[in-house]
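User: I would like to learn how to read pockets and helix packing in a model. Could we go through them one at a time?

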Amino acid sequence: MLQIRLHGRGGQGVVTAAEMLSLAAFEQGRHAQAFPSFGSERTGAPVVAFCRIDDREIRLREPVLQPDVLIVQDPTLLHQVDVFQGLKEDGYVLINSKRSFEELGVGEVASRFRPERLATVPATEIALRHLGRPLPNAVLLGGLAALSGLVTLQAVQHAIRHTFGGKVAAANEAAAAEAFEYVTREMQEQKAC
């Protein structure tokens, strides 16, 4: 079973991201579940959402304590919450930032994990360009598809179309595709070094 934990702030679409990720997995014929964990339910408050993906029915319902994948929608949380807690040593990490792990002040933590499974992507900037709003959730799912291959970009875009309609869906699909290309390029440059 693949377990994903998403960290962000209220208003960033963290819960919607988990739901879209589960839809993308379902689109690929897998079982999936998504659910939130709210502290204080207000805009800007830290929010955590979870997603599980498996080839069999999922009966587990508790929060994800040992994720295989970690998505951080708001990098300011890196020094406020222990987002890396429980992350498996071969886990994937995707952070919404144009800065490197070292520049974000988490280089020492990142050094404990496989570098080819760590990436940053300027999801908020990409979202602003495509949507005109700082909503990085769908963008990050495009980046996750490139980083991990756990879901395809096409499945992510299907989930976006299922969640949103019209111009909003089209803009989110384009933003996810740009993030996919960005992360793919970053990974190729990392391999070349």
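**Pockets and helix packing**

Analyst: Start with the largest pocket: 17 residues line it, and those nearest its centre are Ser100, Phe101, Leu118, Ala119 and Gln190. This is a predicted model, in which local features need pLDDT of at least 70 and side-chain atom pairs count only at pLDDT 80 or more, while totals for chains, interfaces and linings use all residues. Residues are numbered from 1 along each chain as its sequence is written, and side-chain values use heavy atoms, with hydrogens and water left out.

User: Which elements give two or more residues to the lining of the largest pocket?

Analyst: Helices and strands are DSSP runs (H or I, at least four residues, for helices; E, at least two, for strands), numbered from the N terminus. Here the contributors at that level are helix H2 (107–110), strand S6 (118–121) and helix H6 (166–192). H6 gives the most, with four residues.

User: What classes do the residues of this lining divide into?

Analyst: Ala, Val, Leu, Ile, Met, Phe, Trp, Tyr, Cys and Pro count as nonpolar, Asp, Glu, Lys and Arg as charged, and the others, Gly among them, as polar. The lining of the largest pocket has eight nonpolar, five polar and four charged residues.

User: Which residues line the second largest pocket?

Analyst: Among them are Gln12, His130, Arg133, Phe164 and Lys167. By class, the lining has five nonpolar, five polar and two charged residues.

User: Now helix packing. At what angle do H4 and H5 cross?

Analyst: Axes are lines fitted to C-alpha atoms, for helices over the stretch in contact, and angles run from 0 to 180 degrees between N-to-C directions. The axes of H4 (residues 137–148) and H5 (residues 153–163) cross at roughly 160° and come within 9 Å. H4 is therefore roughly antiparallel to H5, a label for angles over 145 degrees.

User: Which residues of H4 and H5 meet?

Analyst: Contact means heavy atoms within 4.5 Å. Ala138, Leu141, Gly142 and Ala145 of H4 meet Leu153, Val156 and Ile160 of H5. These contact residues divide into six nonpolar, one polar and no charged.

User: How do the axes of H4 and H6 cross?

Analyst: They cross at roughly 35° and come within 7 Å. The contact includes Ala138, Gly142 and Ala145 of H4, and Ala175, Ala179 and Val183 of H6. By class, the contact of H4 with H6 has eleven nonpolar, four polar and no charged residues.

Notes:
Parallel < 35°, antiparallel > 145°, perpendicular 65-115°, else oblique. 1 Å grid on protein atoms, 1.4 Å probe; cavity = no way out; pocket = protein on both sides within 12 Å on 5 of 7 lines; lining within 4 Å.
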